[in-house]
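Please keep the sequence and the model open while reading.

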Amino acid sequence: MRSVIFDPDQAGNSVPQIIDEPAFEQVDSWEGQPMAGVEICDLETRGEIELQLVKIAAGGRFVMHTSPKLAFCHIVSGAGVLGLPGGSLPYRSPQTFVFHPGALHDWHDVTEDTLLSVAIMPDRP
């Protein structure tokens with residue numbers, strides 16, 4: 001997925017940094033739990049804000065987890081099931097989920113290759 005990051009130059013013009021093929025890294029475990037078919041690309045970190053792309057292959061699984069920060073997850077493409085402690089919710093792109101700090105969730109029963117655009121940021125009301 002082509003990604004473009006814009007920075008202003010000294011004259012205030014927006015200068016694009018074009019990333020035609022973001023570099024994804026396979027992630028085999030999360031907090032000691034095994035995962036399958038998950039790749040993450042860290043696009044940018046600015047202070048406490050992290051911008052990522054996350055791929056979950058069909059048949060893959062991202063284990064139950066939470067974040068101490070707010071997580072904005074936009075499903076760019078794909079389908080599967082979002083798992084929650086009390087049940088589950090099917091997902092199909094395009095769809096957006098916002099997880100407040102401490103909200104447990106997982107991604108499982110992935111039926112179509114899934115690409116998420118994720119922003120993780122401090123929770124400041």
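A cavity is, on a 1 Å grid over the protein atoms alone, a set of points where a 1.4 Å probe fits but cannot get out, whereas a pocket is an open set with protein on both sides within 12 Å along at least five of seven lines, and lining residues have an atom within 4 Å of a point. Grid points are joined across faces, edges and corners, and a volume is the space filled by probe spheres set on the points. By this rule there is one cavity of 30 Å³ or more. The model is predicted, so that local features need pLDDT of at least 70 and side-chain atom pairs count only at pLDDT 80 or more, while totals for chains, interfaces and linings use all residues. Residues are numbered from 1 along each chain as its sequence is written, and side-chain values use heavy atoms, with hydrogens and water left out.

**Cavity and pocket**

- The largest cavity holds about 30 Å³ of space, and its lining is made up of T66, S67, K69, A71, F99, H100, P101, G102, A103 and H105.
- That cavity lining comprises four nonpolar, five polar and one charged residues, where Ala, Val, Leu, Ile, Met, Phe, Trp, Tyr, Cys and Pro count as nonpolar, Asp, Glu, Lys and Arg as charged, and the others, Gly among them, as polar.
- Strands β7, β8 and β11 each supply at least two residues of the pocket lining, with β7 giving the most, six residues.
- By class, the lining of the largest pocket has 12 nonpolar, five polar and two charged residues.

**Strand pairing**

- Helices (H or I, at least four residues) and strands (E, at least two) are DSSP runs numbered from the N terminus, and two strands pair if DSSP finds at least two bridges between them.
- Strands β6 and β7 pair in the antiparallel sense over nine bridges, and in this pairing I40 stands opposite V54 in β7.
- The hairpin of β6 and β7 has two residues between the strands, and G47 takes a positive phi near 65° there.
- Strands β7 and β11 also run antiparallel and are joined by nine bridges, with W107 in β11 as the bridge partner of F62.
- Strand β8 (residues 70-84) is joined to β9 (residues 87-92) by six bridges in the antiparallel sense; V81 stands opposite P90 in β9, and a hairpin links β8 to β9 through two residues.

**Nonpolar core**

- A nonpolar core is a set of buried Ala, Val, Leu, Ile, Met, Phe, Trp, Tyr and Cys residues joined through side-chain atoms within 4.5 Å, where buried means under 20% relative accessible area, exposed over 50%, and partly exposed in between (1.4 Å probe, protein chains only).
- The largest such core has 20 residues, and those with the most contacts inside it are V38, V54, I56, F62, W107 and L116.
- At least two residues of this core come from each of β6 (36-46), β7 (49-65), β8, β10 (95-99) and β11 (105-121), and the largest share, five residues, comes from β11.
- Contact means heavy atoms within 4.5 Å, and V38, leaving aside its neighbours within four places in sequence, is in contact with E25, Q26, V27, V54, K55, I56, R61 and F62.

**C73 and its surroundings**

- C73 lies in strand β8 and counts as buried because its relative accessible area is 5%.
- Not counting residues up to four places away in sequence, C73 touches Q95, T96, F97, F99, L116, S117 and V118.
- C73 and I120 are 47 residues apart in sequence, and their C-alpha atoms are 8.6 Å apart in space.

**Backbone details**

- Most residues other than glycine have a negative phi, and most peptide bonds are trans.
- The peptide bond from S93 to P94 is cis, with omega near -10°, and P94 is found in the loop between β9 and β10.
- E31, in the loop between β4 (29-30) and β5 (33-34), has a positive phi near 50° and is exposed, at 62% relative accessibility.
- D109, placed in strand β11, has a positive phi near 45° and is exposed, at 52% relative accessibility.
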